[in-house]
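User: Hi! I would like to understand how the labels used for this model follow from their cut-offs. Could we go through them one by one?

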Amino acid sequence: MRLGLGAALCGVVVFGLTACGSGSDAPGFNHGATVGLTKALSADDLEGRGAGTEGNAAARALIVERMKKLELTPVLGRYEHAFTYGPFRTPEGEDAVPDKPGINVMGVIRGSQRTGLVMVVTAHYDHLGIREGEIYNGADDNASGVSGMLAIADYFSRNQPTHDVLFVAFDAEEDGFGGARAFIAEPPVPLSAMAFNLNLDMIARGDNGILWASGASHWPALKPMIEEVATVAPVTLSMGFDSGDGRADWTLLSDHAVFFRAGIPHLYLGVEDHPDYHKPGDDFDKIDQDWFLDSVETALRLAIKAEENLPDLYAMKAD
């Protein structure tokens with residue numbers, strides 16, 4: 001999702017770094033599977049993946065299939081976790097819409113040590129569905145983030161982390177962060193164990209070449225990590241959009257908001273708005289696949305560094 005921001009907000013840059021090429025030391029993930037899943041999730045036959053629709057269920061099946069292929073461990077014995085969210089109320093306090101159903105998808109990779117700390121990597125898989133007869137496929141928003149999340153899972157499935165890494169595909173983000181709110185309300189692991197949230201939402205359409213890292217102004221210990229990754233990342237990685245007034249601040253504009261409000265350090269990766277944001281034109285064929293894969297690699301590099309430094313990130317909760 002990410003509510004209405006335009007290119008004019010480049011002036012709010014807090015910190016910008018121009019990245020160099022990744023070279024032969026790039027961490028590995030399956031490029032074909034990443035691109036293929038993005039294309040499949042944003043296909044017309046999924047009809048925009050609106051929460052509660054058949055297309056949404058088809059998207060969920062693709063995510064579960066990929067988690068199984070990567071041998072992620074089901075959470076509490078299952079990948080799919082049903083929830084209800086709402087009700088939504090009128091300004092007078094009366095129920096306007098009853099509770100709605102949704103389903104989050106979760107899988108975990110166990111760490112080599114039982115540290116008691118968990119890194120949570122998230123991306124929402126729902127989008128806007130069909131509106132006035134037009135399909136809103138949401139290739140960038142957020143088929144790209146889901147594929148990026150599972151690329152990170154791909155890497156950690158072959159390179160065991162020290163700490164547990166929990167992967168969550170949220171439902172109903174486009175409807176008040178329904179899945180994320182339900183996750184925090186009934187967490188599968190204690191909130192006290194959650195050291196860090198990395199949220200991916202819109203990481204494919206870097207029309208200006210920039211991938212933004214939002215959150216470091218709230219969690220200053222993230223800055224050295226982001227700066228280090230930026231020196232080797234294959235895209236321009238910049239810090240910003242996490243302070244200021246109104247929509248210049250992305251802190252509360254995607255699922256990471258619920259982690260922030262719970263006092264859990266977070267980092268949100270995303271691109272600025274483009275002409276197809278929340279429009280029927282957000283289609284797979286608009287994605288520059290090379291830039292997208294470089295963006296995913298950058299997200300993966302950040303995930304690796306975050307996992308390596310998880311105790312330090314956890315310490316920010318007490319600051």
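User: Why is Arg-301 called buried?

Analyst: Buried means under 20% relative accessible area, exposed over 50%, and partly exposed in between, with a 1.4 Å probe and protein chains only. Arg-301 has 10% relative accessibility, so Arg-301 counts as buried. A word on the source: this is a predicted model, where local features need pLDDT of at least 70 and side-chain atom pairs count only at pLDDT 80 or more, while totals for chains, interfaces and linings use all residues. Residues are numbered from 1 along each chain as its sequence is written, and side-chain values use heavy atoms, with hydrogens and water left out.

User: What makes the pair Glu-297 and Arg-301 a salt bridge?

Analyst: A salt bridge is a side-chain nitrogen of Lys or Arg within 4 Å of a carboxyl oxygen of Asp or Glu. The closest N and O atoms of Glu-297 and Arg-301 are 2.9 Å apart, and the pair forms a salt bridge. Both residues sit in helix H7, four residues apart, about one turn of the helix. Glu-297 is buried too, at a relative accessible area of 7%. Helices (H or I, at least four residues) and strands (E, at least two) are DSSP runs, numbered from the N terminus.

User: Which parts of the chain does the salt bridge of Arg-60 with Glu-80 tie together?

Analyst: The closest N and O atoms of Arg-60 and Glu-80 are 3.5 Å apart. Arg-60 lies in helix H2 (residues 54-69) and Glu-80 in strand E3 (residues 80-85), so the pair ties together parts that are 20 residues apart in sequence. Arg-60 is buried, with a relative accessible area of 10%, whereas Glu-80 is partly exposed at 34%. In total, the structure holds 12 salt bridges.

User: Is Lys-286 buried, partly exposed or exposed?

Analyst: Lys-286 has 40% relative accessibility, so Lys-286 counts as partly exposed. Lys-286 forms a salt bridge with Asp-276, the closest N and O atoms being 3.1 Å apart. Asp-276, at 13% relative accessibility, counts as buried.

User: Why are H5 and H7 called oblique to each other?

Analyst: Angles under 35 degrees count as roughly parallel, over 145 as roughly antiparallel, 65 to 115 as roughly perpendicular and the rest as oblique. Axes are lines fitted to C-alpha atoms, for helices over the stretch in contact, and angles run from 0 to 180 degrees between N-to-C directions. The axes of helix H5 (residues 222-230) and H7 come within 10 Å and cross at roughly 135°. H5 and H7 are therefore oblique to each other.

User: Which residues of H5 and H7 meet?

Analyst: Contact means heavy atoms within 4.5 Å. From H5, Met-225, Ile-226, Glu-228 and Val-229 meet Thr-298, Arg-301, Leu-302, Lys-305 and Ala-306 in H7. The residues of this contact divide into five nonpolar, one polar and three charged. Here Ala, Val, Leu, Ile, Met, Phe, Trp, Tyr, Cys and Pro count as nonpolar, Asp, Glu, Lys and Arg as charged, and the others, Gly among them, as polar.

User: How do you know that Thr-298 is buried?

Analyst: The relative accessible area of Thr-298 is 0%, so Thr-298 is buried. Not counting residues up to four places away in sequence, Thr-298 touches Leu-211, Val-229, Ala-233, Pro-234, Val-235 and Leu-237. Across the chain of 319 residues, 55% count as buried.
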